[in-house]
Amino acid sequence: MDIESATLTIVNYRYSSWSFRGWAPLKLANLEMKQVCLLIEDPNYKEEQYKYSPTGKFPVLDLTLKDKSKVFIHDSLSVAEFANEYSLENSGKSLWPHYFGDRAVARSAVSEMHSGFSQIRSTCPVLFLRIREFEDRFCPDGVKEDLKRIYELWNSCRKQFLQTRNSPTLGESAQGNVKDEGFLFGEYGIIDAFFTPIVFRIVSYSLPCKDEFAKKYIEAVKNHSIVKEWLKLTAEQHSYIKGYEEL
């Protein structure tokens with residue numbers, strides 16, 4: 001790709017799930033980029049946001065090409081798709097599952113995440129560094145229904161991965177010989193980046209999880225190096241929004 005420079009603009013590490021979903025795939029793709037992180041609580045935020053984003057929403061990836069033309073990529077899913085293309089072209093590594101059947105299931109799950117689970121998202125704002133004691137008010141029936149579907153979805157993805165991997169006619173080679181590190185399709189990829197903020201909602205609000213695979217998956221996500229890097233950036237930022245922290 002004829003890219004001269006790249007700038008990713010996001011908002012608050014501590015609270016922005018969509019920022020993480022754009023940032024993590026780009027990190028997986030090893031794109032060299034400048035990072036700009038705006039703070040929603042900054043008095044000048046509303047003036048600044050449109051300087052960086054044509055929609056006023058984030059993440060936004062600003063590319064300067066070698067012919068000096070500009071390309072703006074907005075929305076986390078579009079940024080993730082670009083990251084996959086960049087990774088494929090530069091290292092040959094896909095951030096989606098290699099086998100088409102696995103990939104189709106993964107994309108379906110990401111699409112459901114991108115447009116669904118409104119109850120848990122509205123009831124439990126992301127708090128990447130905080131763990132609260134369980135409270136019934138954060139787990140009404142709508143959140144319980146979302147959790148049930150999330151755990152079902154994680155298990156169905158994992159089932160698809162193992163079905164391909166254990167197939168006598170397909171096997172590991174059909175999956176690009178990825179390592180099975182306990183993620184939905186073996187290695188941490190776009191699908192895991194999109195579900196990482198859900199993992200932290202479950203952890204931060206001490207939401208119920210009795211599903212055995214889901215519990216292992218949550219621990220795997222929490223301990224991935226990309227996630228740890230984000231948490232380090234979060235701790236260093238010292239952002240605080242009363243409306244999120246003092247619900």
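Trainee: How many Å should the 16 residues of helix 3 (residues 76-91) span, and why?

Mentor: The expected span is 1.5 Å times one less than the number of residues. For helix 3 that gives 22 Å, and the end C-alpha atoms are 22 Å apart, so the two agree. Helices here are DSSP runs of H or I with at least four residues, strands are E runs of at least two, and both are numbered from the N terminus. This is a predicted model: local features need pLDDT of at least 70, side-chain atom pairs count only at pLDDT 80 or more, and totals for chains, interfaces and linings use all residues. Residues are numbered from 1 along each chain as its sequence is written, and side-chain values use heavy atoms, leaving out hydrogens and water.

Trainee: Which residues of helix 3 are buried?

Mentor: Buried means under 20% relative accessible area (1.4 Å probe, protein chains only). In helix 3 the buried set includes Val-79, Phe-82 and Tyr-86.

Trainee: What do the buried residues of helix 3 pack against?

Mentor: Look for contacts, meaning heavy atoms within 4.5 Å. Among the partners are strand 1 (3-11), helix 1 (17-28), strand 4 (70-74) and helix 7 (190-204).

Trainee: How many helices and strands does the protein chain have?

Mentor: There are 10 helices and four strands, and their order along the sequence is β-α-β-α-β-β-α-α-α-α-α-α-α-α.

Trainee: What radius of gyration does the protein chain have?

Mentor: The rule for a globule is 2.2 Å times the number of residues to the power 0.38, with the radius taken over C-alpha atoms. For 247 residues a compact globule would come near 18 Å, and the protein chain agrees at 18 Å. Buried residues make up 52% of the chain.

Terms used
Buried means under 20% relative accessible area, exposed over 50%, partly exposed in between (1.4 Å probe, protein chains only).
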